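This report covers a sheet, its helices and an aromatic contact. Please keep the sequence and the 3D view side by side while reading.

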Amino acid sequence: MTIHIIHGPNLNLLGNRDHSHYGSLTLDELNDRLLNWARDKGVACHAAQFNSESDIIDALHQATNAAGIVLNPAAYTHTSIAIRDAIDAISAPVVEVHLSHIHARESFRHQSVVAPVCVGQICGFGWLSYALAIDYLVQKNTRHQ
């Protein structure tokens with residue numbers, strides 16, 4: 001079982017960004033936690049970060065046969081119909097995640113254009129938002145075997 005983690009734009013700046021929203025972990029530290037979290041569950045995990053919308057779409061296309069995808073589309077959450085369409089076009093289940101609680105922030109962050117084509121959305125739990133998404137995908141795939 002392989003789960004892909006796709007981090008969107010500006011997440012390469014974790015550790016330097018507003019700690020009240022994003023925590024203090026760097027992207028490398030976040031990925032290390034997530035890869036260990038998945039490994040402890042016997043799951044292979046691949047993590048990548050992209051600032052470009054087209055690179056995120058390519059990563060979604062390439063992960064279509066994965067057991068699942070954990071996607072933090074970051075700012076593209078609110079604007080990218082192209083990412084939404086890519087999610088809708090692939091067979092792998094996608095869980096939308098956010099470190100911050102997007103519904104408690106600025107009003108423009110409350111609407112996700114990708115959420116309707118994802119199996120769910122987890123936000124506001126810091127790095128655990130990703131871990132919860134991994135747990136869901138592991139359970140989903142374990143029940144269907």
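Predicted model: local features only at pLDDT ≥ 70, side-chain atom pairs only at ≥ 80, totals over all residues.

Strand β3 spans residues 68-72, and five of its five residues are buried. The strand is therefore largely enclosed by the rest of the structure.

**The sheet**

Strand β3 belongs to an open sheet of five strands. The order is β2-β1-β3-β4-β5, and the pairing is parallel. The edges are held by β2 (44-49) and β5 (120-123). Each has a single partner strand, so one side of each is left without a neighbour in the sheet. On average, neighbouring strands are turned by 20 degrees against each other, direction ignored. Strands of a sheet pair through backbone hydrogen bonds, either parallel or antiparallel.

| Strand pair | Sense | Bridges |
|---|---|---|
| β1 (residues 2-7) and β2 | parallel | six bridges |
| β1 and β3 | parallel | five bridges |
| β3 and β4 (residues 94-98) | parallel | three bridges |

Isoleucine 5 stands opposite alanine 47 in β2. Histidine 7 has asparagine 72 in β3 as its bridge partner. Leucine 71 stands opposite glutamate 96 in β4.

Helix α2 has 14 residues. At 1.5 Å a residue it should span 20 Å, and its end C-alpha atoms are 20 Å apart, which agrees. Its buried residues are Leu27, Leu30, Asn31, Leu34 and Ala38. They cover an arc of only 95 degrees around the axis, which puts them on the same side of α2. Asp28, Arg39 and Asp40 are exposed on the other side. An α-helix has 3.6 residues a turn, so residues three or four places apart point the same way.

Helix α4 covers residues 81-89, with Ile83, Ala86 and Ile87 buried. Seen down the axis, these residues fall within an arc of 100 degrees, so they line one face of the helix. The face turned away from that buried side carries the exposed residues Asp88 and Ala89.

How many aromatic pairs does the structure hold? It holds one. Tryptophan 37 lies in α2 (residues 27-40) and tryptophan 127 in α5 (residues 127-143), so the pair ties together parts that are 90 residues apart in sequence.

Is tryptophan 37 buried, partly exposed or exposed? Its relative accessible area is 25%. Buried would need under 20% and exposed over 50%, so tryptophan 37 counts as partly exposed. The charged end of lysine 41 sits over the ring of tryptophan 37, 4.4 Å from its centre.

Helix α5 also holds tyrosine 136. At 32% relative accessibility, tyrosine 136 counts as partly exposed. Tyrosine 136 and threonine 26 are 110 residues apart in sequence. In space, the two are 24 Å apart, C-alpha to C-alpha.

Conventions:
Residues numbered from 1 in each chain as written. Heavy atoms only, no water. Phe/Tyr/Trp six-rings, centres within 6.5 Å; stacked < 30°, edge-to-face > 60°. Helix = DSSP H or I, 4+ residues; strand = E, 2+ residues; numbered from the N terminus. Buried < 20%, exposed > 50% of the residue type's maximum accessible area, 1.4 Å probe, protein only. Lys NZ or Arg CZ within 6 Å of the ring centre and 35° of its normal. Pairing = 2+ DSSP bridges. Axes fitted to C-alpha atoms, helices over the stretch in contact; angles between N-to-C directions. Expected span 1.5 Å × (residues − 1). Arc of directions from axis to C-beta.
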